[in-house]
Amino acid sequence: MPELAGHPVDLQAIEEAVRTILRAVGEDPDREGLRETPRRVARMYAELFKGLRSDPRRHLQKVFTERYDEVVLVKDISFESTCEHHLMPFMGKAHIAYLPGGKVVGLSKLARVVEDIARRPQVQERMTESIADLLVEELQVRGVAVVVEAIHTCMTVRGVRKPGSICVTSAMRGAFRNNPSTRAEVMTLIFGNHK
């Protein structure tokens, strides 16, 4: 059984559940094309939910002293996550900005934080706020802005079936929340001058 941070993933239980689902929808889990499906699905869930067994704080432990005090923005960080309501994927890009308070973090570390937080069942709103709150707690910054844009397959391939729909969420902290001009600056940096 793969084990991360002391919490094992019960692959066998997932396999049994998948076999039950296949039977419940009228399929034969023992037919040739489905025989290995329960094992593949179990490994897939272990991968998709690996963020449940990792601490994204570890990526923010090493910082560098810098006098730079303007916006630091990493745009278009791609991610895949799983909607907790239907266990279907949502994917898109995250944009993360912060105003340093005397220290900066390696840019790749922000992408690693997104990866860790994305790999768990959740709603996009919580994912957005989790990233922002973590950066505020760990980096002692003057402000954080997180904007997430995503396509939700639970909305595009089932239910209302509206392909092309994009959900945008934002979490603003510190100067990005309290100062309208700082907020406008970061939104222009992310989206340009589109109206």
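1. Let's start with a pairing: the side chains of Arg173 and Glu129 meet in a salt bridge, at 3.5 Å from N to O. (A salt bridge here is a side-chain nitrogen of Lys or Arg within 4 Å of a carboxyl oxygen of Asp or Glu.) Arg173 sits in strand E9 and Glu129 in helix H4, so this pair ties together parts 44 residues apart in sequence. Helices (H or I, at least four residues) and strands (E, at least two) are DSSP runs, numbered from the N terminus. Arg173 is buried, at 16% relative accessible area, while Glu129 is partly exposed at 43%. Buried means under 20% relative accessible area, exposed over 50%, and partly exposed in between (1.4 Å probe, protein chains only).

2. A word on what you're looking at: this is a predicted model, in which local features need pLDDT of at least 70 and side-chain atom pairs count only at pLDDT 80 or more, while totals for chains, interfaces and linings use all residues. Residues are numbered from 1 along each chain as its sequence is written, and side-chain values use heavy atoms, with hydrogens and water left out.

3. Helix H4 (residues 124-139) also holds Arg126. The side chain of Arg126 meets that of Glu84 in a salt bridge of 3.0 Å, N to O. Glu84 is in the loop between E4 and E5, and the two partners are 42 residues apart. Both ends are partly exposed: Glu84 at 33% and Arg126 at 38%.

4. Next, look at Lys93 and Asp76, whose side chains form a salt bridge at 3.7 Å, N to O. Lys93 belongs to strand E5 (residues 88-99) and Asp76 to strand E4 (residues 72-83), 17 residues apart. Lys93 is partly exposed at 34%, and so is Asp76 at 43%.

5. How many salt bridges are there by this rule? The count comes to 13. Asp55, Arg57, Glu137 and Glu138 are linked in a network of them.

6. Now helix H2 (residues 37-48): at 1.5 Å a residue, its 12 residues should span 16 Å, and its end C-alpha atoms are 16 Å apart, which agrees. (The expected span is 1.5 Å times one less than the number of residues.) Thr37, Pro38, Val41, Ala42, Tyr45 and Ala46 of H2 are buried. Helix H1 (11-24) is included in what covers those residues.

7. Last, back to strand E9 (residues 167-174), where Val168 lies. Val168 is partly exposed, with a relative accessible area of 48%.

Key
Contact means heavy atoms within 4.5 Å.
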